[in-house]
Amino acid sequence: MKRYSLYNVGISLALLLLVSSCQAQKQIITPANKNATTETRLLLQNLKILAKKGVMFGHQDALAYGVTWRYEEGRSDIKDVVGDYPAVYGWDLGGMEHNEVNDIDGVPFSKTKKWITEIYDRGGISTFSWHMDNPLTAGDSWDVKPNSLSSILPGGNKHELYKKWLDNAANFLADLKGSDGKMVPILYRPFHELTGTWFWWCQNVASPADFKAIWKFTFDYLVKEKKLNHLLFVYNTADFQSIEAFEEYYPGDNYVDLVSYDKYANQGGKTLTEWVNDCRKQLEIMTQFADKHNKVIAIAEIGYEQIPKPTFWTQSLQKITNGFPVSFVLVWRNHGWQEQEKKMHYYAPYAGHPSNPDFQKYYDHTNTFFQKDLSKLKIYSELLKQ
């Protein structure tokens with residue numbers, strides 16, 4: 001049985017804000033949206049506190065499908081292996097721009113909405129990325145035609161179209177409620193992996209000024225116009241080698257709640273050891289940045305496709321986050337067989353996988369948190385013991 005080392009205490013956020021010592025003040029973190037809901041404020045504060053104790057484990061599309069199954073009620077590959085769900089659940093808004101019934105990976109939005117309610121009710125966390133189609137070309141996210149991002153800026157010829165796409169997403173996000181009727185706090189990660197070269201919003205086709213401008217417009221539109229007070233905004237990069245590179249496109253503290261990066265193993269010809277070292281170097285940079293700006297940090301996407309190293313979880317993933325205040329790591333989806341690429345595509349263990357014994361050790365560690373931990377901690381209603 002997993003040993004729990006954290007317990008909730010009934011201290012209200014209002015009481016915490018009255019604490020005047022310098023040390024206590026450094027622990028306070030408030031959302032960029034000053035009108036954020038109570039649950040959203042508590043979530044952000046608790047993410048920062050919990051990150052000092054350990055790291056939450058997340059999985060993309062965890063409840064929708066696994067390597068060998070689709071849409072089975074109450075199932076997840078993670079649960080099949082350790083008897084527990086992940087703490088963080090990743091989803092995507094791709095397709096929402098066209099009011100599609102399913103997202104970019106074929107998951108019905110109606111099912112996603114139902115799952116998000118269930119996740120919130122048991123104390124889990126949901127996060128959304130958006131593989132948005134290219135508004136300039138009508139191509140997909142990977143269509144990197146120059147000036148695509150600038151076309152959706154105010155005054156751009158696709159600005160009104162972009163607003164309609166945001167309206168579609170806002171209508172969906174505004175309907176994400178728990179059984180208690182409250183809005184479900186969402187970690188929203190727009191324009192992800194911006195330091196890459198593969199999306200139409202990436203640095204190779206978008207200037208820092210344009211990126212900051214569209215981020216600020218998006219924030220203001222969703223928060224001030226659409227009154228979505230349950231969103232926490234997640235700034236997300238791919239690789240970077242310096243704090244200057246990490247913050248070059250950063251839109252400012254008043255528009256960001258969490259900072260993060262995405263990084264996958266077996267890319268660029270590097271060994272697994274080199275990859276682990278690179279991840280730690282980038283975490284060191286990001287931690288310095290987060291300390292300076294009072295932000296929470298995360299690894300929003302990570303993993304090793306097909307998990308060919310049986311001890312990946314304790315000897316690689318855990319080594320990456322050791323010593324850093326990482327709120328969560330999220331491995332990508334367990335799609336299974338990809339017909340187009342003629343290969344298996346998965347990043348989390350599933351029943352019968354060789355890495356399962358090591359994943360059990362990872363799960364059993366007192367510094368890794370899954371759904372049962374968050375259910376005990378009541379992350380939306382109380383402050384955790386510091």
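Begin with the cysteine sulfur atoms: a search of the whole of this predicted model returns 0 disulfides. Select Cys-202, which takes part in no disulfide; the nearest cysteine sulfur belongs to Cys-279 and is 18 Å away. A disulfide requires two cysteine sulfur atoms within 2.5 Å, so a separation of 18 Å rules this pair out. Cys-202 is buried, its relative accessible area being 0%. Cys-279 is likewise in no disulfide, with the sulfur of Cys-202 as its nearest, 18 Å away. The relative accessible area of Cys-279 is 0%, and this residue is buried.

Next, select helix H3, residues 38-51. At 1.5 Å a residue, its 14 residues should span 20 Å, and the C-alpha atoms at its ends are 20 Å apart, in agreement with that expectation. Colouring by accessibility will bring out the buried residues of H3, among them Glu-39, Thr-40, Gln-45, Asn-46 and Lys-48, together with Leu-47 and Leu-50.

Now widen the view to the largest nonpolar core, which has 125 residues. Met-56, Phe-57, Ile-125, Phe-128, Tyr-235 and Val-259 are the residues with the most contacts inside this core. Helix H9, residues 272-293, supplies the largest share of the core, namely 9 residues. As background, nonpolar side chains tend to be buried together in soluble globular proteins.

Select Phe-57 and Tyr-362: their ring centres are 6.0 Å apart and their planes stand at 75 degrees, so the pair is edge-to-face. Which elements does this pair connect? Phe-57 belongs to strand E2 (residues 55-60) and Tyr-362 to helix H11 (residues 356-364), so the pair ties together parts that are 305 residues apart in sequence. Both Phe-57 and Tyr-362 are buried.

Select Tyr-71 and Lys-111: the charged end of Lys-111 sits over the ring of Tyr-71, 5.4 Å from its centre. Finally, select Tyr-85, where Arg-122 lies over the face of the ring at 4.1 Å from the ring centre.

Key:
Residues numbered from 1 in each chain as written. Predicted model: local features only at pLDDT ≥ 70, side-chain atom pairs only at ≥ 80, totals over all residues. Heavy atoms only, no water. Buried < 20%, exposed > 50% of the residue type's maximum accessible area, 1.4 Å probe, protein only. Helix = DSSP H or I, 4+ residues; strand = E, 2+ residues; numbered from the N terminus. Expected span 1.5 Å × (residues − 1). Core = buried A, V, L, I, M, F, W, Y, C linked by side-chain atoms within 4.5 Å. Phe/Tyr/Trp six-rings, centres within 6.5 Å; stacked < 30°, edge-to-face > 60°. Lys NZ or Arg CZ within 6 Å of the ring centre and 35° of its normal.
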